[in-house]
Amino acid sequence: MEIEQILDQIYALPETSKLKLQNCVTEINYPKGHLLLRADKIETNIYFIRKGIARAYSNRDDNEVTFWFGKEGDTVLSMKSYVANQKGYEDIELLEDCELYELKSEKLQKLFQEDIHIANWGRKFAEKELVKTEERLISRQFRTATERYKELLIDYPHLIQRVQLGHIASYLGISQVSLSRIRADIK
């Protein structure tokens, strides 16, 4: 997905503002397995996925708990670093070779001060991320594992072919054995 499409899906910007933002973005590539963001570190970059898949996870009792997947067009960042300039709590691992767009948080903050349209773009971005987080929380709290799996199949059908089942089970909050049972029951 091209950077113009990614920016527009967040909030449509006037052409001059979009160009200012695009001029601060660089294209980078990292291999599968690369840890893009690390827990307990203030992250200074924001990424947009051009091609590939990533996951966010936290370690709990020597166990990795996946709580987010990112795909083409998604933004990758530590929200805690972005909003509060504090250490994040998540690691973000690339699950495929990835083509990314990188944006320095410092440059973005400067653009927020200079251009009201970009500041509004940043506000809309934060609002959309809040809604996505709320939806994940509600799903986790009020739906069964089977309902969450079916929801995942509808919302992200490509993930099943591209992500290890262990990561999907962790995301759903169940064991891999339970996931296998759910998958068998659905077929």
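The following legends describe close-up views of a predicted model.

View 1. Helix H4 spans residues 105–114 and helix H5 spans residues 116–142. The crossing of H4 past H5 is left-handed.

**View 2. Residues of H4 meet residues of H5.** On the H4 side, the contact is formed by Leu108, Leu111, Phe112 and Glu114. Their counterparts in H5 are Ile116, Ile118, Ala119, Trp121 and Gly122. By class, this contact of H4 with H5 comprises seven nonpolar residues, one polar residue and one charged residue.

**View 3. Aspartate 40 has a positive phi.** The phi of aspartate 40 is about 60°, although this residue is not a glycine. Aspartate 40 belongs to the loop between strand S2 (35–37) and strand S3 (45–51). Its relative accessible area is 61%, so aspartate 40 counts as exposed.

**View 4. Asparagine 85 has a positive phi.** Asparagine 85 is likewise not a glycine, and its phi is about 55°. The residue is placed in the loop between helix H3 (79–84) and strand S7 (91–94). With a relative accessible area of 54%, asparagine 85 is exposed. For context, most residues other than glycine have a negative phi.

**View 5. Cysteine 24 is buried, as is cysteine 98.** Cysteine 24 has a relative accessibility of 17% and therefore counts as buried, the cut-off being under 20%. Cysteine 98, at 1% relative accessibility, also counts as buried. With a disulfide taken as a pair of cysteine sulfur atoms within 2.5 Å, the count of disulfides is zero.

Conventions:
Residues are numbered from 1 along each chain as its sequence is written. This is a predicted model: local features need pLDDT of at least 70, side-chain atom pairs count only at pLDDT 80 or more; totals for chains, interfaces and linings use all residues. Side-chain values use heavy atoms; hydrogens and water are left out. Buried means under 20% relative accessible area, exposed over 50%, partly exposed in between (1.4 Å probe, protein chains only). Axes are lines fitted to C-alpha atoms, for helices over the stretch in contact, and angles run from 0 to 180 degrees between N-to-C directions. Helices (H or I, at least four residues) and strands (E, at least two) are DSSP runs, numbered from the N terminus. A crossing is left-handed if the near helix is turned anticlockwise from the far one by less than a right angle, and right-handed if clockwise. Contact means heavy atoms within 4.5 Å. Ala, Val, Leu, Ile, Met, Phe, Trp, Tyr, Cys and Pro count as nonpolar, Asp, Glu, Lys and Arg as charged, and the others, Gly among them, as polar.
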